[in-house]
Amino acid sequence: MDPKPYLEFLALQRRTTVVITDSGGIQEETTFLNLPCLTVRENTKRPATIELGANQRVGRDVNLLGREVLKIAAGQRKVAKPIALWDGKEAERIAAFL
């Protein structure tokens, strides 16, 4: 698949069951969209996504990745807690502050 424009890519994510990524930005997007995210990295710059259950780091362990995908596909996904201020209203808060 060729790269997609941002809004089209968000729409694709919204219609999926699980997202597998190494991108920190996508980890944030899936958290906001309340989608399960499996991160194929040994670390993340978005630790809040993991701490609150929106994201799981699987590293380079393809067996773990496969097991987690199967769990999510079977409906055994973690329920993520909302991340404070990740509500899409930052521009409103900035405007009110200014």
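Student: What makes the three strands an open sheet, and in which order do they stand?

Tutor: In this predicted model, the three strands have the order S1-S2-S3 with parallel pairing, and the sheet they form is open. Strand S1 (19-21) and strand S3 (55-57) are at the edges, each with a single partner strand, so one side of each has no neighbour in the sheet. From one strand to the next, the twist averages 20°.

Student: Which strands does helix H2 touch, and what angle does its direction make with that of S1?

Tutor: Helix H2 (residues 24-32) packs on the sheet and touches S1, S2 and S3. The direction of H2 makes about 160° with that of S1. Helix H4 (residues 62-73) also packs on the sheet, touching S1, S2 and S3, and its direction makes about 180° with that of S2.

Student: Why is Gln-56 called buried?

Tutor: Gln-56 has a relative accessible area of 17%. The term buried is used under 20%, so with 17% Gln-56 is buried. Gln-56 is found in strand S3.

Student: Which residues is Gln-56 in contact with, leaving aside its neighbours within four places in sequence?

Tutor: They are Cys-37, Leu-38, Thr-39, Leu-64, Glu-68 and Lys-78. Thr-39 is 17 residues from Gln-56 along the chain, and their C-alpha atoms are separated by 6.0 Å.

Student: Why is Leu-98 called exposed?

Tutor: The relative accessibility of Leu-98 is 81%. Exposed means over 50%, so at 81% Leu-98 counts as exposed. Its place is in the segment after helix H5 (90-97).

Student: Which residues make the nonpolar surface patch?

Tutor: Ile-94, Phe-97 and Leu-98 make the patch, with an area of about 420 Å². A residue in a patch needs over 30% relative accessible area. Leu-98, at 81%, is above that cut-off.

Student: Why is Lys-4 called partly exposed?

Tutor: The relative accessible area of Lys-4 is 34%. Buried is under 20% and exposed is over 50%, with partly exposed in between. The value of 34% lies in that range, so Lys-4 is partly exposed.

Student: Where is Lys-4 found, and which residues does Lys-4 touch, not counting those up to four places away in sequence?

Tutor: Lys-4 is found in the segment before helix H1 (6-14). On that count, Lys-4 touches Phe-9 and Leu-12. Ile-50 is 46 residues from Lys-4 along the chain, and the C-alpha atoms of the two are separated by 26 Å.

Student: How many helices and strands does the chain have, and in what order do its elements run?

Tutor: There are five helices and three strands. From the N terminus on, the elements run α-β-α-β-α-β-α-α. The C-alpha atoms fill a box of roughly 50 × 30 × 25 Å along the principal axes.

Student: What share of the chain is buried, and what share of its accessible surface belongs to carbon and sulfur atoms?

Tutor: Of the 98 residues in the chain, 31% are buried. The accessible surface comes to about 6900 Å², and 57% of that belongs to carbon and sulfur atoms.

Key
Residues are numbered from 1 along each chain as its sequence is written. This is a predicted model: local features need pLDDT of at least 70, side-chain atom pairs count only at pLDDT 80 or more; totals for chains, interfaces and linings use all residues. Side-chain values use heavy atoms; hydrogens and water are left out. Two strands pair if DSSP finds at least two bridges between them. Helices (H or I, at least four residues) and strands (E, at least two) are DSSP runs, numbered from the N terminus. Axes are lines fitted to C-alpha atoms, for helices over the stretch in contact, and angles run from 0 to 180 degrees between N-to-C directions. Contact means heavy atoms within 4.5 Å. Patches are made of residues with over 30% relative accessible area and no salt bridge: like charges are joined within 9 Å, nonpolar side chains (Val, Leu, Ile, Met, Phe, Trp, Tyr) within 5 Å. Accessible areas come from the Shrake-Rupley method with a 1.4 Å probe; for residues, only the protein chains shown count as cover. A salt bridge is a side-chain nitrogen of Lys or Arg within 4 Å of a carboxyl oxygen of Asp or Glu. Buried means under 20% relative accessible area, exposed over 50%, partly exposed in between (1.4 Å probe, protein chains only).
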